[in-house]
Amino acid sequence: MSWLKWFEFRGKSIFHLSYSFHRLTGLVLVLYLLMHLSYLTSLTFGREVYEAFIATTVTPTFLIFDILLVLVGVFHGVNGLRLVLHEFGLAYDARRPILYLSYIIAFILWLYASYKLYVFVMGV
Amino acid sequence: MVKEGKDVIFRIKRFDGEKSYWSDFVVPAQKGMTVLEGLFYIKATYDGSLSFRASCRMGICGSCAVKINDRPRLACETQILQLNSSKIKIEPLDNFKVLKDLVTEFEGFFAKHEAVKPYLIRKDESYAEPVELIQKPEELQVYYDFSFCIKCGACFSVCPAAATREDYLGPAAMAAAYRFNADSRDEGRYFRLATICSDGGVWRCHFAAECSEVCPKNIEPAKAIQKLRFQSAVYMINRAFKRW
């Protein structure tokens, strides 16, 4: 018995891959949430402290991490909606096309959000 | 491409009660020869101590499920040449305690099966005056696919939820529960839901759906669990209002 089996990919189908990535992205989002809350907490020490934090991360150097974070969030969200749909007992027989569709939707949303981020950070 | 008459290496994960190790055996592959026949060949020719389970040899008893090339399959229904590999890796099923070589502990698995009461429950059952229970073909179709389960344990072995919780009922037991809950002749749905609607029951499933992918009988246990979730949700709402 081991939670490491969540990430055992050998011989597994694409459904298990989605399951594993859902768990991984969930962990990343929890870590991000902690970071995000600590940024907000810095406001209690004054506006200067918060702006110093922001000046470190909202930069072109950090843009790649932001884009990856958006990918993590979008995948987790879209895949989560797919799971909610099936867990209501709906559309089970169409689970494979729905899985592929969720990947396509996540990819399109990620591209759009990345473009918006790029424009915001680079000031294009 | 492996051809008929060619030697195939069986790489088998062994366990002697204390340590695990791998043993390699050469098996001459014949057309139509199954992995189970290969195991019997090894036992008769090389090593009589090799342990594995088998019974019907025709995909009905579910005894010979093992991991073949990283995927749980019935050894009796898997032909060596169809694997198209010169090396075949055989391991015991995951998520089960290994007793010896390919033999795993199934008592817990069967106990979970028993816990969901996989039989018809009637309020008016009378053995003295048995009554014929009529069922329409469309009522049969509702649960027909789920009645093919052979309890081989393949679904349980790939379930990530079963990997982390020993008290999780698992896909096979819940598919059996759905099979009887969906049966128009049954009147014991609420007895089963009392067991299933729990932390170790339907709510533990995270829909990896791998159970449906590996089932040798294509019975789709993941579908049964999602349908049971809906029944469980209705059961919980009704129980909250003390309607049952």
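This is a predicted model: local features need pLDDT of at least 70, side-chain atom pairs count only at pLDDT 80 or more; totals for chains, interfaces and linings use all residues.

Analyst: Residues are numbered from 1 along each chain as its sequence is written, and chains are lettered from A and ligands numbered from 1 in the order in which they are written. Chain A averages a pLDDT of 90, and 99% of its residues score at least 70. For chain B the average is 93, with 98% of the residues at 70 or above. The model as a whole scores ipTM 0.81 and pTM 0.89.

Chain A has 4 helices and 0 strands, so that its elements run α-α-α-α from the N terminus on; helices (H or I, at least four residues) and strands (E, at least two) are DSSP runs, numbered from the N terminus. The radius of gyration of chain A is 18 Å, whereas a compact globule of 124 residues would have one near 14 Å. This radius is taken over C-alpha atoms, and the globule rule is 2.2 Å times the number of residues to the power 0.38. Along the principal axes, the C-alpha atoms of chain A fill a box of roughly 55 × 40 × 30 Å.

Helix α3 of chain A packs against two other helices. One is helix α1 (residues 14-41) of chain A: the axes of α1(A) and α3(A) are 9 Å apart, at an angle of about 125 degrees. Axes are lines fitted to C-alpha atoms, for helices over the stretch in contact, and angles run from 0 to 180 degrees between N-to-C directions. That angle makes α1(A) oblique to α3(A); angles under 35 degrees count as roughly parallel, over 145 as roughly antiparallel, 65 to 115 as roughly perpendicular and the rest as oblique. The crossing of α1(A) with α3(A) is left-handed, a term used if the near helix is turned anticlockwise from the far one by less than a right angle, with right-handed used if clockwise. On the α1(A) side the contact includes A:Phe21, A:Leu29 and A:Tyr32, and on the α3(A) side it includes A:Leu69, A:Val72 and A:Phe75. Two residues are in contact if their C-beta atoms, placed from the backbone, lie within 7 Å. By class, this contact has 7 nonpolar, 7 polar and no charged residues. Ala, Val, Leu, Ile, Met, Phe, Trp, Tyr, Cys and Pro count as nonpolar, Asp, Glu, Lys and Arg as charged, and the others, Gly among them, as polar.

The other partner is helix α4 (residues 95-122) of chain A, which packs with α3(A) at about 150 degrees, the axes being 8 Å apart. That makes α3(A) roughly antiparallel to α4(A), and their crossing is right-handed. The contact of α3(A) with α4(A) holds 17 nonpolar, 4 polar and 3 charged residues.

As for the partner chain, 19 residues of chain B are in contact with 19 residues of chain A. On the chain B side, α6 (160-164), α9 (210-214) and α10 (221-240) each give two or more residues, and α10(B) gives the most, with 5. By class, that side has 6 nonpolar, 4 polar and 9 charged residues.

Definitions and conventions. pLDDT is the predictor's confidence in each residue, from 0 to 100.
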